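Here are my notes on the ligand site and the sheet beside it. Please read them with the structure open.

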Amino acid sequence: MKTKPLFIVMSAPSGCGKTTLIDMLLQEYHDIVYSISCTTREPRGEEEDGIDYHFKTRERFEELIRENAFIEYAQVHGNYYGTLRSPIEEVLAEGNSMILDIDVQGAAKVRDYVRSLPDDDPLKVGYVDIFINPPSMEELRARLEGRGTDAPATIARRLANAEGEIARAGEYMYRVVNDDLGMCFRRLCDLIDALSGRM
Ligand code: 5GP
């Protein structure tokens, strides 16, 4: 079935199940491609170039900035991170969709970029942004504590960040609550099906 290529931007506070949900979507929809960011930081552990990130030198990254190759970029802990425009363009031109996993600030930059595009630009035509909400702050705290991997100070910082991010959920076109993983996934599928014309 021919479907409308989507440019999906997804954000969620840490602990809201975003990574799991994106993995589930990639399993379900073989025509959705995950956007791999560029970074100047060193690969960690098993990370591979072109899978986890496109690892770039600082010089190359800055050259790409000058060439306006990024739809957004930011410096985090002294390293650059950014999203290239050309892979998204290529994926949409092939009739497939691209999903971008990005924080609220990055998403705001992408949104501004997309707004500045002509109305017939495929990135604008297919654009949709979705915010995954936790059921409540109490539930989010319980989930972060339940992971048992983070120190109390880290959990406190994540919760404070989450509060700031949730306050900006209204900037997104769609908000989906992850109260139950399976239900949340179904809602995302229904949304994607409707937007891409699968039903
Ligand atoms: P890490 O180095 O731990 O993989 O990522 C550090 C931070 O960079 C994370 O908060 C992550 O969300 C952010 N990040 C990763 N890719 C991008 C990107 O393409 N653009 C922006 N703005 N931030 C990114």
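1. A word on classes comes before the count. Ala, Val, Leu, Ile, Met, Phe, Trp, Tyr, Cys and Pro count as nonpolar; Asp, Glu, Lys and Arg count as charged; the others, Gly among them, count as polar. On that basis, the shell around the ligand holds five nonpolar, three polar and three charged residues. Keep in mind that this is a predicted model.

2. Which residues surround the ligand? They are Ser 37, Arg 41, Arg 44, Tyr 53, Glu 72, Ala 74, Val 76, Tyr 81, Gly 82, Thr 83 and Ile 102.

3. For Arg 41, a polar side-chain atom lies 2.5 Å from an oxygen atom of the ligand. For Tyr 53, a side-chain N or O atom is 2.5 Å from a ligand oxygen. For Thr 83, the distance from a side-chain N or O atom to a ligand oxygen is 3.2 Å. On its own, the ligand has 510 Å² of accessible area, and the protein covers 72% of that.

4. The ligand takes up the space of the largest pocket. Strand 5 (70–76) and strand 6 (79–84) are the elements that each give two or more residues to the shell around the ligand.

5. How do strand 5 and strand 6 run, and how many bridges join them? They run antiparallel, joined by six bridges. Glu 72 stands opposite Thr 83 in strand 6. Both residues are among those surrounding the ligand. Val 76, another residue of that shell, stands opposite Asn 79 in strand 6.

6. Last, the turn. The hairpin of strand 5 and strand 6 has two residues between the strands. In this hairpin, His 77 takes a positive phi near 50 degrees.

Technical notes. Residues are numbered from 1 along each chain as its sequence is written. This is a predicted model: local features need pLDDT of at least 70, side-chain atom pairs count only at pLDDT 80 or more; totals for chains, interfaces and linings use all residues. Side-chain values use heavy atoms; hydrogens and water are left out. A residue is near a molecule or strand if one of its heavy atoms lies within 4 Å of it. A polar contact is a pair of N or O atoms within 3.5 Å; within protein, one must be able to donate a hydrogen and the other to accept it, and residues adjacent in sequence count only if both atoms are side-chain atoms. Accessible areas come from the Shrake-Rupley method with a 1.4 Å probe; for residues, only the protein chains shown count as cover. On a 1 Å grid over the protein atoms alone, a cavity is a set of points where a 1.4 Å probe fits but cannot get out, and a pocket is an open set with protein on both sides within 12 Å along at least five of seven lines; lining residues have an atom within 4 Å of a point. A molecule sits in a cavity or pocket if more than half of its atoms lie within 2 Å of its grid points. Helices (H or I, at least four residues) and strands (E, at least two) are DSSP runs, numbered from the N terminus. Two strands pair if DSSP finds at least two bridges between them.
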